Amino acid sequence: MLDIQLLRKETDVVAARLKTRGFEFDTVAFNNLEADRKKMQVQDEELKAKRNKLSKEVGILKSQGHSISHLMDDIAENANLLKRTTQTLEDIQKEMSDILMCLPNLPHESVPVGADESGNVEVSKWGTPATYDFEVQDHVAIGEALKGLDFDMAAKITGSRFMFLRGSLAKIHRALAQLMLDVQTEQHGYTECYTPYIVNTESLLGTGQLPKFKEDMFWVSKGGDEDQRDLYLISTSEIPLTNTVRDVILSADELPVKLTAHTPCFRSEAGSAGRDTRGMIRQHQFDKVEMVQIVHPEKSYEALEEMRGHAEKILQLLELPYRVVQLCTGDMGFGATKTYDLEVWVPSQNTYREISSVSNCEAFQSRRMQARYRNADDKPELVHTLNGSGLAVGRALVALLENHQQADGTVKIPAALQAYMGGKSVLA
């Protein structure tokens, strides 16, 4: 959520920065609403002051044994006016809050301006895509030939865009997650967490999935339960991890907070029909190892570069060619102020595909969550929050199967992963 004071003082500047994200902010409507708010707030304060004055007069008259009947009409009229004014003011403030909750974050000054992914900027590359002296197979063909990938079974059990893994593919899927967790906890200093896979509305409001992206979530109903609160399956463990500091005031020496978790993620992918419908690239359910950092405001861009490196390390260990791309203003996620995408090489598509997104949200989420720390003056101040994939497990499996495929249909297992696979060097 943006700072309302910034929006009030620099409305046109904020609108211009939002426009670089493709978001048209109605400054006229906002300024009219702000004028109404100021008018109602002044009226509310004047009526409260009059109420207090009348109350004192009543007290004095009663203490002196005088009648207060001549004041009763004024008291009643003031009370009615105050009730209506207070309600109007609350309605205006609610409308302003609703507007704020739907405004995306402002892009950092270093973010390139662009309308869509064509405006993204390549930052670096690692590794060289292999050349093959045989016909390259995609991960679906490889997985089915290894008798480990079964989309028909998933469709029978649930429906389209789910996967069913067996045997060595199920094991290497688990091994990938274990490697990722071990690297993030043992080498990069994150604390491993096990989180709920179902969260409440407050949590999704805190990290910004609600109210704007409700249609992208899977909702959970509890039959026969008197508790009718909305519950949702998580689309990323960023949600429960970041919400651990909701309504919390940390001490400065507790920063940075570095958390990681391996969870399934559930996304309805509303509006994405027809994209990547074959295979594991875009699923309703997939696994991901997430990284979250809660940091001092002056340290968040340093943390962003650090987290980018933490995600890159996994790809290097898996011996997968990739590139780093800085997203432009029009392609960033709702809550991000600056984002790097890591894109892994996918041989069957002859292109790089996203496997990790690492973002700095600055105070956007912490303002929604009221997540703070005590600064040098012992005053509460908003922390900065960052999140990133370290990595998406299913897409890592896709890249591994395709990049390390061999002519005989087997797949080489990277050295870093072999210990998790009982010492095996090949999937066969």
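Reader: What should I know before reading the residue numbers and values?

Author: This is a predicted model, in which local features need pLDDT of at least 70 and side-chain atom pairs count only at pLDDT 80 or more, while totals for chains, interfaces and linings use all residues. Residues are numbered from 1 along each chain as its sequence is written, and side-chain values use heavy atoms, with hydrogens and water left out.

Reader: How many residues does helix H3 have, and what is its reach?

Author: Helix H3 (residues 27–63) has 37 residues and spans 53 Å from its first C-alpha to its last, close to the expected 54 Å. The expected span is 1.5 Å times one less than the number of residues. Helices (H or I, at least four residues) and strands (E, at least two) are DSSP runs, numbered from the N terminus.

Reader: Which residues of H3 are buried?

Author: Among them are Phe-30, Leu-33, Arg-37, Asp-44 and Leu-61. Buried means under 20% relative accessible area, exposed over 50%, and partly exposed in between (1.4 Å probe, protein chains only).

Reader: Which helices do they pack against?

Author: The buried residues of H3 pack against helix H1 (4–9), helix H2 (11–19) and helix H4 (72–101); contact here means heavy atoms within 4.5 Å.

Reader: And what caps the N-terminal end of H3?

Author: Asp-26 does, with a side-chain oxygen 3.3 Å from the backbone nitrogen of Val-28. After H3 comes Gly-65, whose phi is positive, near 80 degrees.

Reader: Moving on, which residues touch the most other members of the largest nonpolar core?

Author: Leu-176, Leu-417 and Leu-427 do, in a core of 51 residues. Helix H7 (residues 167–186) gives the most to this core, with nine residues. A nonpolar core is a set of buried Ala, Val, Leu, Ile, Met, Phe, Trp, Tyr and Cys residues joined through side-chain atoms within 4.5 Å.

Reader: What does Leu-176 contact beyond its neighbours within four places in sequence?

Author: Its contacts there are Leu-318, Val-393, Ala-396, Leu-397, Leu-400 and Leu-417.

Reader: Lastly, is Glu-343 buried or exposed?

Author: Glu-343 is buried, with a relative accessible area of 11%. This residue is found in strand S10 (residues 338–346).

Terms used. A polar contact is a pair of N or O atoms within 3.5 Å; within protein, one must be able to donate a hydrogen and the other to accept it, and residues adjacent in sequence count only if both atoms are side-chain atoms.
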